[in-house]
Amino acid sequence: MEVTLSVRRYNPDDKERPSWWQDYTVDVERTASVLDALIKVREEVDGSLSLRCSCRSAICGSCAMRVNGHAHLACNTKIIEASQDGSKIRVEPMGNAAVVKDLVVDMKMFWDKVRQVSPWLQPAGPEPAGEYTAPNEAMLHLAGVMSCIMCGACVSDCTSLEVDKNFIAPAALAKAYRFVADPRDAQTVERLRMLNEYSGIWDCTRCYECVQACPKGVAPMDRIMAMRDKAMEAGFTKTYGARHTDAFVDSIEHSGWLDELRLPIKTVGMFNLPKLMGFGPVGLRALMRGKMPPIFHTPVPNVKNVRRLFKKVRATQGREQK
Amino acid sequence: MLEHDVLVVGAGLAGMRAAVAAHEKGANVAIISKVHPVRSHSNAAQGGINAALTDRGDSWEDHAFDTVKGSDYLGDQDAIEIMCSEAGAELIRMEHMGVIFNRDDEGKLGTRAFGGQRKARTFFVADFTGQAMLHVLYEQILKTGVRVYEEWFVLDLIMHEGRCAGVTALEIATGRVFVIRAKTVIMCSGGVGRLFEPSTNALIVTGDGMAQAYRAGASLMDMEMVQYHPTTLKGSGVLITEGARGEGAYLLNSQGERFMKRYAPNMMELASRDVVSRSEQTEINEGRGIDGCVLLDCRHLGEKVIRERLTQIVDIGRDFAGVDIMKEPIPIRPGMHYIMGGIKTDVDGLTSVPGLYAAGECANVSVHGGNRLGANSLLDTVVFGRRSGHHAADVTKDMDWPKLNIEDLAGQAEDSLQKLLSRNDSGERWSKIRHDLGVDMDKYFGVYRDERGMQTLQRNIQNYKDRYARVAVQDKGRVFNTDLIFTLELGFMIDCAEAIVAGGLERKESRGAHSRTDHPTRDDANWLKHVLVTRTPKGPKLSHLPVVITKWKPEERKY
Ligand SMILES: Cc1cc2nc3c(=O)[nH]c(=O)nc-3n(C[C@H](O)[C@H](O)[C@H](O)COP(=O)(O)OP(=O)(O)OC[C@H]3O[C@@H](n4cnc5c(N)ncnc54)[C@H](O)[C@@H]3O)c2cc1C
Ligand code: SF4
Ligand code: SF4
Ligand code: FES
């Protein structure tokens, strides 16, 4: 079966072109995956194409990339699914990450976020002589999150991270849940306190992208929601989250788009100077890359339509509440 | 300058366990790995890890005996005793670190049955035990703050005044060459599965460390002992865990017959791997296969068991074979899976090269002998990973830094890379040679072997060496150049192939995984001994060592 891959390429050594699309046509088996096709390209057509892969069976987490616009593991994405009508398959590096070369992205930010949640078991007191006793159901439940292979697909497609690089993002939050829900861990409240801060569990916009992208059924968004409940139960009610969500909604309703400059200010509060100073570096970096949000946040044309949408939603919500 | 008391090469289970252990002892330790730690091949282990827990009425002596028998009496019994007696504590340690492990009704660790053992003593996390352990060990690495040179490719071991004194390495993201000085190096680079085509192993498993140790003068031992796993998918070689048979799945031939009753009437599907693989191959050779395969049937296990305990196989069946395992049997065949042979070490990981340790699949402490039992490899990685880490850390305490000429060393490494990159000789790339070599290994060094086949293979390997000497790298850049990495890996694979065939020709008997049609029986009088291969300019040099026997006298192996 013939298939054409349209690959987004980039090589920092190539000063002439910043990045480019390159088409490769190869012959593969009907059961082949996108990864099989890419490997064939690499081995038989173009040795300069770089990508990460190893296990070919969706367990090493190396081969996440965007296929036709969404993050997938190349090794468990079948050619016949990606190209039902025989059209070209678009292959790009993951989003929300800097590209190193071709399909290889820099995972540093990903791992920094994982590190942020202190991802190791912290039991109380001295260790027992034997194993910790724990109900099998709890362990089976944890197995659902433990099956995360840290591929980054969810982070690639996270819409909240796209607008706020501080967001801890789905993979690390799912990892945090793995400890929050572990009966052996004694730091649950501390963990929740930290996750309750700005850039934690309340910054998820519930867009569902991570659930869709995850190849292992980890469903990070559901874990985030579970942690919100646990945080509320633990008594964390005055949250950045609540304020952040409000600020988000306000901005969109007011102007039709996100006011990135005011969002953090509204979230942490005008007078929370230490926290606000913390945003300095982010702002500076944004400025240097020409990405500083405009100081004067002007509404989009036809913002009226946006406001009408809000009204409608409120009306239906009102009905549901009754 | 980059320098560490203990430098661990490899971030699989063996490597990370070694690093955690060396850190505990206060050493300045770092890990270097060509992939991010959690991408390591240890991920692949589905089935579980063995340990005899005494509070469960099991005894480590029983585990040791099963291991000795499984090894076809080639395993060193002193090492096996250490591994099995330390297994319980090590397992509990992994649980304390955070591995979830499936539980029984009382919330204690639960077990499943595995091949070649009379008791169910395999502890597991659904069917991703390796992944669960690997990620937890990585959590420990984050906790300890041990430095990881992540996506750095080790090019060579540095030898200085007869000792191993560090490595030269390539930072893959930038293509820059570095020297890392170390008082001791622990090689934990994994197996050499991809030398065989097909194989259950991940693409990165290319024998780099075995070849580097071999080049540095270390002895490789029992390299002919290459394990074929009984249940791998046709074509891709993707593995179906032994856990499936542990849970009760049947093996059927084309007549729907449970053929294992003819080969291992007592243990049936759960006989040891070499036995089951040979039985399957015999069925296939004698015309009772289907398209070069036999069938693995899980249907009678019922949806609940399959869903709870064999989830990954459901996915693998669907994604890689187009089979719904609840409804149809899966066509499988024996496929290359593991190498029992490796860098010869003692029970503390010391190799024949001072300053160089080894642990995990690249090493051969000789706990697996002629045939590894399922779920004994994970145990091997953590027990001997820990022991090497402790020993290496202790030894470095009062050791001086080796005096290396860093610039010279880096310059030489850079030059040879440059040479390779600028070469255009044959235009032939690594991929063609690697593929041909792999097919040859499968053909002449498969479940069954003989003198003529292995001699043909030896000649072919010489030919691959010549081709490799003229190999061309297509990608001339420096940033994340995977073309270059694959080319370097192929060089390592060819060296391993040379040692494997040398060992295979030398051992003139059938023992464990080494089944020769021209010497079909085990010959204790002449071959109850290890085969060592050392590199010389004239080619591999062979020697022997006696097998260590403590409690268990060799007897015939029946399952
Ligand atoms: C499909 C499958 C299923 C298995 N199931 C089981 C099971 O259920 N139970 C069991 O006990 N065993 C099982 N095994 C065997 C077991 O998984 C392996 O033997 C074991 O995990 C090997 O661990 P390791 O730490 O030695 O090496 P690996 O996990 O392979 O790690 C090797 C490390 O070395 C690094 N490395 C290699 N070369 C270089 C280089 N040149 N430069 C830098 N770094 C390098 C790699 O990056 C990697 O981090 C299975 C094996 C396979 C293939
Ligand atoms: S649901 Fe939340 S975490 Fe998931 S992708 Fe959307 S914003 Fe990100
Ligand atoms: S949650 Fe899913 S998508 Fe995200 S890193 Fe883990 S396995 Fe990948
Ligand atoms: S290659 Fe390992 S996840 Fe795709």
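Modeller: Happy to! Let's begin with a hairpin: β3(A) and β4(A) form it with two residues between them. In the turn, A:Asn68 has a positive phi of about 50 degrees. Strands here are DSSP runs of E with at least two residues, and helices are runs of H or I with at least four, numbered from the N terminus.

Before going on, please note that this is a predicted model, where local features need pLDDT of at least 70 and side-chain atom pairs count only at pLDDT 80 or more, while totals for chains, interfaces and linings use all residues. Residues are numbered from 1 along each chain as its sequence is written, chains are lettered from A and ligands numbered from 1 in the order in which they are written, and side-chain values use heavy atoms, leaving out hydrogens and water.

Strand β3 covers residues 64–67 of chain A, and its antiparallel pairing with β4(A) runs over four bridges; two strands count as paired if DSSP finds at least two bridges between them. Opposite A:Arg66 you will find A:Ala71 of β4(A).

Buried means under 20% relative accessible area, with exposed over 50% and partly exposed in between (1.4 Å probe, protein chains only). Across chain A, buried residues make up 51% of the 322 residues, and the chain has 15 helices and seven strands.

Now for the sheet, in chain B. It is open, with four strands in the order β11-β14-β13-β12 and antiparallel pairing. β11 (226–233) and β12 (250–252) of chain B stand at the edges with a single partner strand each, so one side of each has no neighbour in the sheet. Neighbouring strands are turned by 45 degrees against each other on average, direction ignored. The partner of β12(B) is strand β13 (residues 294–297) of chain B, in the antiparallel sense over three bridges, and B:Tyr250 has B:Asp297 as its bridge partner there.

Finally, helix α8 (residues 273–285) of chain B lies across β11, β12, β13 and β14 (330–339), at about 60 degrees to β11(B). Such angles run from 0 to 180 degrees between the N-to-C directions of axes, which are lines fitted to C-alpha atoms, for helices over the stretch in contact; contact means heavy atoms within 4.5 Å.
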